[in-house]
Amino acid sequence: MSEIRDKELRLALVCYGGISLAVYMHGITKEIWRLASASCAAREGEDGNGVYRQLLDEIRETSGINLRVLVDILSGASAGGINAIFLAQAITTGQSLDPLTDLWMKHADVEALIEPRQAPAHRFAKIWATPIAWIVANRSKTIDETVEAHARDEVRLKLEHFVRSRWFEPPFGGKRLLNTLLDAFAAMAQRPSYRRLLPPGQPLDLFVTVTDFRGHAEELRLNSPPKVTETEHRLVFSFSDHGDEQAPLADAAELAFAARATSSFPGAFPPATIGEMDALLAEREAEWPGRDAFLERALPHQWTDNRAENAVLIDGSVLANAPFRPAIEALRERPARRQVDRRFVFIDPFPDFRFDFYGSPQGQPGFFETIIGSLSELPREQPIRDNLEAISARSDRIERMLGILTEIRSEVEIQVEALFGYTLWLDYPTPKRLASWRRRAQVAAAAKAGYGHTAYGLLKVDGTIDRIGRLLYTIGDSHSPERLREIREAVAHAVQARGGDRFGATLSNGASPQTLEFLRAHDLGFRIRRLRLLARRLSEIDLPSSHAELLPMREAIYESLAAYLELKRSDNFADLRGAVRDMTDDAGPILDLLADRMQLKALDHATDARLSDGFSALSKDLRRPMLLAHLGFPFFDIATLPLLQGEGMDEFDPIRVDRISPDDATAIRTGGAAATLKGIQFNSFGAFFSRAYRENDYLWGRLHGADRLIDIVLSALPLDDRLPEQRVIAIKRHAFHAILDEEEQRLTAIPGLFAELRNEIG
């Protein structure tokens with residue numbers, strides 16, 4: 001077998017809303033947690049024999065790829081928000097998701113969720129509404145055709161109870177849901193824990209969307225009038241463990257409140273409020289030490305106006321059912337120590353779901369159908385095309401850039417060889433020589449580029465100003481588009497006042513001394529792009545026969561890259577919040593503070609020392625292409641930086657998108673949600689009415705999750721290293737039977753389904 005190559009499959013998970021299909025999504029996230037746990041155990045060299053561990057071991061043995069799978073970004077709305085929160089907690093703490101399954105089965109039930117004062121006082125209360133329950137149930141032949149015989153009476157009784165509850169008030173209790181959520185976190189904490197499922201220094205970021213019912217004012221700049229205000233209702237609660245194994249993701253009260261707020265489905269649950277949370281914690285005699293800090297961070301505008309405690313929060317899926325944007329923005333601060341395959345994976349439990357009040361597809365919608373649809377359905381079910389097009393555009397830019405690099409490589413290598421001569425490859429690249437050669441190459445590239453170098457230089461300065469402005473904005477305590485613009489303008493003014501943006505052919509080295517000093521102190525992007533180019537060139541020449549020889553070079557590149565990427569993480573500068581708050585129109589002092597903190601020149605010296613050792617360990621034939629890439633970087637960067645829009649991409653590879661839904665997991669049964677899920681009944685509230693429904697959907701969630709995750713893992717391999725189709729079928733069959741064996745004793749309400757599935761799986 002060839003030498004082992006390291007590769008990371010990084011998953012950014014986006015969880016849609018789905019009401020009672022939260023139980024189905026729990027099954028999927030449980031499989032994701034098991035895959036991440038198996039990969040962590042393999043990374044730590046621990047024994048393991050589960051299906052996912054066997055798959056990773058087989059990949060390693062057959063392809064020579066040491067594939068590690070990790071989930072480092074999670075985003076969710078509504079029911080998906082709840083699942084994203086609990087999965088994030090399991091990943092960052094090493095706690096088990098197993099306790100949640102029993103809680104879902106027991107408490108995700110209409111009888112457990114309904115507010116006691118909303119329930120009918122006696123069996124005759126609003127008895128005239130009982131026929132409505134029968135009409136709803138029989139309209140689609142729901143109960144007789146979709147519920148196993150022994151569970152039909154349960155569904156009928158609970159449906160009748162639900163319909164006879166008090167109208168014009170939410171039937172479900174918000175405090176009851178909060179209580180269940182807090183109990184779930186306590187149950188996870190009481191069980192034995194494993195370890196954090198991410199490598200040290202790899203942050204986990206969680207984003208949960210919420211809708212601010214009353215909204216808050218945001219300023220917009222126009223030509224005339226200069227400023228206007230609009231009301232913004234979208235909120236994102238963000239959490240991070242900052243890559244610290246000792247730091248919690250958040251207090252359980254904060255996570256529970258986020259879960260309660262994002263899932264407060266209009267009409268079913270009352271809006272979430274801080275007062276409700278305070279009252280429940282008082283009843284439980286529980287403390288919330290970081291309460292005020294959380295409110296200031298999560299509700300900054302409301303906090304400033306002294307109305308955070310009175311904020312009315314409703315379901316996050318009302319305006320953002322598929323929260324891709326915060327997950328995409330989280331890519332700005334990802335460390336990398338090896339080759340990365342980045343995926344966005346979104347869980348859509350019921351593609352093309354529509355509420356039943358639309359009427360016939362061919363008919364004209366009526367008065368109430370039009371009003372209800374426009375107010376509640378249309379905003380939440382907007383397609384994700386815009387998000388996917390943004391990801392696709394990013395990937396397309398990277399692909400074009402890589403194509404340009406390939407096309408101009410021979411010409412750049414000719415320029416470098418003409419500049420240094422062929423004897424270059426005979427000299428050992430000491431740190432001093434590397435620095436000298438690099439400066440010489442940069443001057444030559446500037447001269448060759450002519451007036452184009454001025455445009456390139458200004459783009460570099462502009463990108464650096466953007467990075468600094470966003471960093472200061474992130475660590476500051478005021479977050480609005482207007483504040484970001486103010487900070488960015490202050491930084492740009494300070495750079496211009498210091499002469500840090502002056503380029504031209506008449507200037508020595510193509511730029512003023514002040515400009516060179518600014519870039520040497522702050523241009524983090526240039527260093528990162530250079531190392532990423534080296535990493536890509538190394539992967540291109542990395543053959544099985546040369547893998548061992550290239551290993552020191554690879555370690556030098558990724559160790560150096562990690563040190564620069566660490567400086568992009570805003571949490572490393574959190575102590576500068578006061579300085580950002582006090583910053584006036586003059587951003588010069590804080591620029592000096594940042595330069596002193598980053599110490600890029602010292603980091604450059606350390607990088608040169610590492611790279612020198614890496615180059616010196618290579619034979620002449622391997623050293624030549626790597627040195628040509630390193631010294632040719634200024635030529636490459638001038639050609640490609642406009643495509644990367646200034647600062648460049650943090651993860652230097654295209655992003656691929658994968659979906660997990662009943663429509664995609666067809667290894668066992670085709671037909672999508674209609675053929676597999678019971679919770680889709682009653683406009684996706686169905687699983688609240690029957691434990692059998694919940695057990696059915698949870699089991700299918702695990703099976704569908706395993707089906708798709710195996711596909712996603714195997715798609716990370718090069719085409720030549722893919723497993724044969726029959727082998728993939730056998731792996732999936734093994735995974736399916738393992739899930740059935742594990743769950744059959746727990747899921748006692750659906751005995752017939754296990755027999756059906758074993759027969760279908762074979």
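Guide: A helix here is a DSSP run of H or I with at least four residues, and helices are numbered from the N terminus. The model under discussion is predicted. By that naming, Q599 sits in the loop between α24 (588-598) and α25 (600-616).

Visitor: Why does H242 count as partly exposed?

Guide: Partly exposed covers the range between the buried cut-off, under 20% relative accessible area, and the exposed cut-off, over 50%. H242 has 39% relative accessibility, and therefore it counts as partly exposed. Q599, at 39% relative accessibility, is also placed in the partly exposed class.

Visitor: Why is P266 called partly exposed?

Guide: The relative accessible area of P266 is 41%, so this proline is partly exposed. P266 is in the loop between α10 and α11 (274-284). Its C-alpha is 6.7 Å from that of I314, although 48 residues separate P266 and I314 in sequence.

Visitor: Which residues does UniProt list for "active site"?

Guide: An unreviewed UniProt entry lists S78 and D315 under that heading. The two are spread over 238 residues of sequence, yet they cluster in space, with a largest C-alpha distance of 5.7 Å. Both S78 and D315 are included in the lining of the largest cavity.

Visitor: What makes S78 a buried residue?

Guide: Buried requires a relative accessible area under 20%. S78 has 3%, so S78 is buried; its place is the loop between β2 (65-76) and α3 (79-93). D315 has 0% and is therefore buried as well. D315 lies in the loop between β5 (313-314) and α14 (325-329).

Visitor: How do you know that the span of helix α26 agrees with its number of residues?

Guide: The expected span is 1.5 Å times one less than the number of residues. Helix α26 (residues 620-640) has 21 residues and should therefore span 30 Å; its end C-alpha atoms are 28 Å apart, which agrees. The helix bends by about 55° at G632, and the proline P634 follows within four residues.

Visitor: Why is α26 described as largely enclosed by the rest of the structure?

Guide: Of the 21 residues of α26, 17 are buried, so the helix is largely enclosed by the rest of the structure. For the chain as a whole, 56% of the 762 residues count as buried.

Visitor: Which residues touch the most other members of the largest nonpolar core?

Guide: That core has 126 residues, and L74, L206, F237, L313 and L699 touch the most other members. Setting aside neighbours within four places in sequence, the contacts of F237 include L206, V208, F257, F294 and L313. Apart from this core lies another, of 75 residues, with A441, L600, L631 and F633 among them. In soluble globular proteins, nonpolar side chains tend to be buried together.

Visitor: How many helices and strands does the chain have?

Guide: The chain has 31 helices and seven strands. Among contacts with a separation of 6 or more, 80% join residues 24 or more positions apart.

Definitions and conventions. Residues numbered from 1 in each chain as written. Predicted model: local features only at pLDDT ≥ 70, side-chain atom pairs only at ≥ 80, totals over all residues. Heavy atoms only, no water. Helix = DSSP H or I, 4+ residues; strand = E, 2+ residues; numbered from the N terminus. Bend = angle between axes of the 7 residues up to and from the residue. Buried < 20%, exposed > 50% of the residue type's maximum accessible area, 1.4 Å probe, protein only. Core = buried A, V, L, I, M, F, W, Y, C linked by side-chain atoms within 4.5 Å. Contact = heavy atoms within 4.5 Å. UniProt positions renumbered as here; feature names shortened; annotations may be inferred. 1 Å grid on protein atoms, 1.4 Å probe; cavity = no way out; pocket = protein on both sides within 12 Å on 5 of 7 lines; lining within 4 Å.
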